[in-house]
2 protein chains.
Amino acid sequence: MNTHELVRELREPAATKIVLLVADGLGGLPLQPGGRTELETAATPNLDAAARDGVCGLSTPVLPGITPGSGPGHLGLFGYDPLEYRIGRGILEALGINFPVGAQDVAIRGNFCTLSADGTIADRRAGRPTNEANKAAVERLRTIRVPGVELFVEPVKEHRFVLVIRGDGLGDRVNDTDPQAVGVRPLAAAGEDAAGARTADVVNRFVAEATKVLATEGAVSGVTLRGFATYPKIAAFADVYGLKAAAIAVYPMYKGLARLVGMDILDPGATLQGQVDTLKRVWADYDFFFLHYKYTDSTGEDGNFPAKVQMIEAFDAVIPQIRALNPDVLIVTGDHSTPSKMKSHSWHPVPTLLVSDLARPDEVAEFGERSCLRGGLGQFEAKHLMLLAMAHAGRLGKYGA
Amino acid sequence: MNTHELVRELREPAATKIVLLVADGLGGLPLQPGGRTELETAATPNLDAAARDGVCGLSTPVLPGITPGSGPGHLGLFGYDPLEYRIGRGILEALGINFPVGAQDVAIRGNFCTLSADGTIADRRAGRPTNEANKAAVERLRTIRVPGVELFVEPVKEHRFVLVIRGDGLGDRVNDTDPQAVGVRPLAAAGEDAAGARTADVVNRFVAEATKVLATEGAVSGVTLRGFATYPKIAAFADVYGLKAAAIAVYPMYKGLARLVGMDILDPGATLQGQVDTLKRVWADYDFFFLHYKYTDSTGEDGNFPAKVQMIEAFDAVIPQIRALNPDVLIVTGDHSTPSKMKSHSWHPVPTLLVSDLARPDEVAEFGERSCLRGGLGQFEAKHLMLLAMAHAGRLGKYGA
């Protein structure tokens with residue numbers, strides 16, 4: 001029995017509220033031997049108080065040693081096994097530009113390229129066009145029609161765009177048309193099965209038309225396509241947990257990941273305070289609130305240790321406003337670690353705290369990587385966090401008699 | 001998706017080196033309440049320094065409470081799920097005498113026995129012959145020919161030998177011919193399927209001939225066979241991890257286990273210093289080094305607590321030479337615990353340390369069973385250790401976007 005079946009069987013209604021605060025890339029590393037991590041360096045009186053009031057631990061996003069992207073990192077926190085549910089590149093690209101991709105869609109990442117007179121690729125990135133040139137070329141592509149399907153073309157930036165094909169019976173088992181080389185022609189699309197063949201046929205027509213409509217666009221004269229992906233078959237959050245859930249995120253990718261599991265997507269503006277204000281405003285309307293904070297990750301990716309420390313402190317500063325709402329369960333965690341030292345996501349477990357009247361206390365007095373090692377949640381797989389959230393919210397009944 | 005598929009998908013080339021030091025049966029127990037384990041008793045300044053520089057934890061070889069043999073213990077450390085990959089007794093016996101067993105082989109453990117005039121077993125161990133008498137009897141068995149297959153007979157010691165049948169279409173679903181009783185005849189071999197039946201036919205011919213050729217050998221007058229095992233279908237270490245791997249072991253069993261996963265088997269002579277010298281000599285030629293140290297297990301099996309302490313101290317003494325090579329990842333662990341108190345392998349988790357620039361520090365200041373409980377690796381399944389090794393060596397890319 002998988003955990004979703006278990007939750008469906010055991011869940012019970014309750015008038016309780018769960019807040020999941022995700023500080024993206026929260027975990028880190030010291031820069032020097034004997035040093036402290038970003039979180040250990042930051043002054044976090046409010047998170048430390050929450051750690052004392054609740055129970056702590058460390059979340060393993062996928063498996064020991066496995067570094068997740070944002071997709072698997074968040075699916076795990078939402079209680080979906082990230083090794084079972086995979087989100088294809090095209091779908092993630094579409095989610096990242098806030099395109100409302102759906103169950104009938106195949107989403108594909110497109111690159112503009114420069115074709116020579118003989119049809120071979122002269123520049124795989126079409127001379128990196130401006131975003132304006134990208135939009136102009138996308139407008140051309142939007143004139144293309146292929147019978148039997150709907151086509152959506154959306155600009156990303158520079159040479160990148162997203163193509164979404166909507167129709168019945170489409171599949172994603174299609175080869176990339178991008179040969180990843182210059183001096184050769186783009187590859188024809190071919191399907192590995194009947195549904196893939198149907199997609200490939202649409203794509204080949206689209207590409208032929210694209211070359212015609214782009215003929216006057218200079219360096220932007222052709223397209224290559226890759227990362228064909230259908231919408232993943234994924235049970236809705238409400239169906240699994242019986243929770244009415246709101247996502248309060250600033251960046252499209254995280255809105256998209258929340259939309260993928262059927263959460264309502266709110267628009268909090270661009271600031272953390274705007275997110276907290278939104279949380280307060282809709283407090284009565286939902287059972288579950290996913291609030292995503294981006295800057296702990298982006299500063300880590302930049303390798304900017306002091307900036308990541310500052311971003312953690314800014315995050316800490318809003319904790320009292322959230323605790324003042326008196327959620328039945330408050331969780332603070334991250335989707336993965338992003339050590340400034342590595343300038344990238346990493347596999348290191350993520351400090352996690354859970355505050356609830358039913359949390360069993362431990363001896364953790366501050367919120368940090370080392371202190372959480374002594375926490376009552378131990379080291380756990382991220383996919384089990386929602387079980388803990390549901391239990392502490394009084395929303396899971398007894399298994400067996 | 002199993003972890004091997006995941007690693008194949010994510011692995012990236014890197015010019016990094018991983019050293020896996022396996023102190024066999026490393027973990028232990030105190031002899032008396034309130035006492036220390038062997039490892040806690042030993043003076044291990046170099047392992048303690050490594051514990052401070054790196055990250056510690058405890059490895060569960062198979063599952064809580066499950067005591068592994070050497071085969072599953074090592075397969076886990078090599079990243080092969082010991083519950084998925086099973087190595088039959090006959091294959092382990094062949095590996096243990098350094099016989100180069102291969103994919104076409106069925107390996108079988110043989111016992112010499114004493115047959116009465118009526119063909120029933122009078123002594124199941126043929127009066128425990130000397131090794132010389134064993135070899136003489138094996139020479140007789142080597143004269144036996146069965147059409148269509150190659151036969152190999154190898155002495156082990158006393159009454160034990162190994163029979164390997166090499167040929168096409170052989171199977172291992174064959175009953176033991178050893179009735180495990182005296183006063184009854186050895187059982188005829190029978191196959192549970194077509195391939196087993198083919199093996200059984202060869203075996204019955206072999207046994208009939210054996211009785212004839214041993215007629216003049218006195219007490220060594222018959223044979224019984226058990227533990228029929230084909231070569232396991234197991235992916236090569238290099239194919240899974242992309243690592244060129246060397247095994248530096250003294251004892252045949254561990255060479256055999258490393259050969260099973262396709263490591264190169266080096267010959268370091270009979271001493272730990274010889275092993276370390278071999279490591280230095282081939283340092284440039286490999287990515288991964290498995291060094292096996294036997295005496296922490298054998299002294300534990302003897303129930304000799306002070307000798308195990310001494311063997312741990314001798315192991316500690318070579319650590320600086322290995323760290324001087326500056327491996328990107330150095331791991332010290334064991335394949336299982338062997339408490340002197342129990343004089344046997346046990347299920348207790350195994351102290352483990354990992355040193356790497358990317359290891360997240362913890363608060364462990366000495367290498368021991370209790371101190372590792374506070375380690376950053378937590379308690380982990382041995383089969384995940386290779387994921388951690390690969391990650392810390394910069395050899396695993398990101399999972400999902």
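1. Strand β11 (residues 329–333) of chain A is largely enclosed by the rest of the structure, because five of its five residues are buried. Here a residue is called buried if 20 or more other C-beta atoms lie within 10 Å of its own. This is a predicted model, and the remarks below should be read with that in mind.

2. Which residues of β11(A) point one way, and which the other? A:Val329, A:Ile331 and A:Thr333 point one way, while A:Leu330 and A:Val332 point the other way. The residues on both sides are buried.

3. The partners of β11(A) come next. Strand β1 (residues 18–23) of chain A pairs with β11(A) in the parallel sense, over five bridges. In this pairing A:Ile18 stands opposite A:Val329. Strand β12 (residues 350–355) of chain A also pairs with β11(A), but in the antiparallel sense and over three bridges. There A:Leu330 stands opposite A:Val355 in β12(A).

4. In chain B, eight strands form an open sheet. Their order is β9-β8-β10-β1-β11-β12-β2-β13, and the pairing is mixed. The edge strands of this sheet are β9 (264–265) and β13 (378–381) of chain B, each of which pairs on one side only.

5. One pairing inside the chain B sheet can be followed residue by residue. Strand β1 (residues 18–23) of chain B and strand β10 (residues 288–293) of chain B run parallel and are joined by six bridges. B:Ile18 stands opposite B:Phe288 in β10(B).

6. How many residues does each chain give to the contact? Chain A gives 26 residues and chain B gives 21 residues. On the side of chain A that touches chain B, the elements giving two or more residues are α4 (70–77), α5 (89–96), α13 (369–372) and β13 (378–381) of chain A. The residues on that side of chain A divide into 14 nonpolar, eight polar and four charged.

7. Two copies of a chain are related by a rotation about an axis and a shift along it. For this pair, a rotation of 125° with 0.0 Å of shift along its axis superposes chain A on chain B, with an RMSD of 0.3 Å. That is the relation of a three-fold axis. In chain A, the C-alpha nearest the axis belongs to A:Arg374 and lies 3.9 Å from it.

8. Why can the copies be said to meet through different surfaces? The reason is that only 4% of the interface residues of chain A are also interface residues in chain B.

Notes. Residues numbered from 1 in each chain as written. Chains lettered and ligands numbered in written order. Predicted model: local features only at pLDDT ≥ 70, side-chain atom pairs only at ≥ 80, totals over all residues. Contact = placed C-beta atoms within 7 Å. Helix = DSSP H or I, 4+ residues; strand = E, 2+ residues; numbered from the N terminus. Nonpolar A, V, L, I, M, F, W, Y, C, P; charged D, E, K, R; others polar. Least-squares fit on C-alpha atoms with pLDDT ≥ 70 in both. Buried ≥ 20, exposed ≤ 12 C-beta atoms within 10 Å, placed from the backbone. Pairing = 2+ DSSP bridges.
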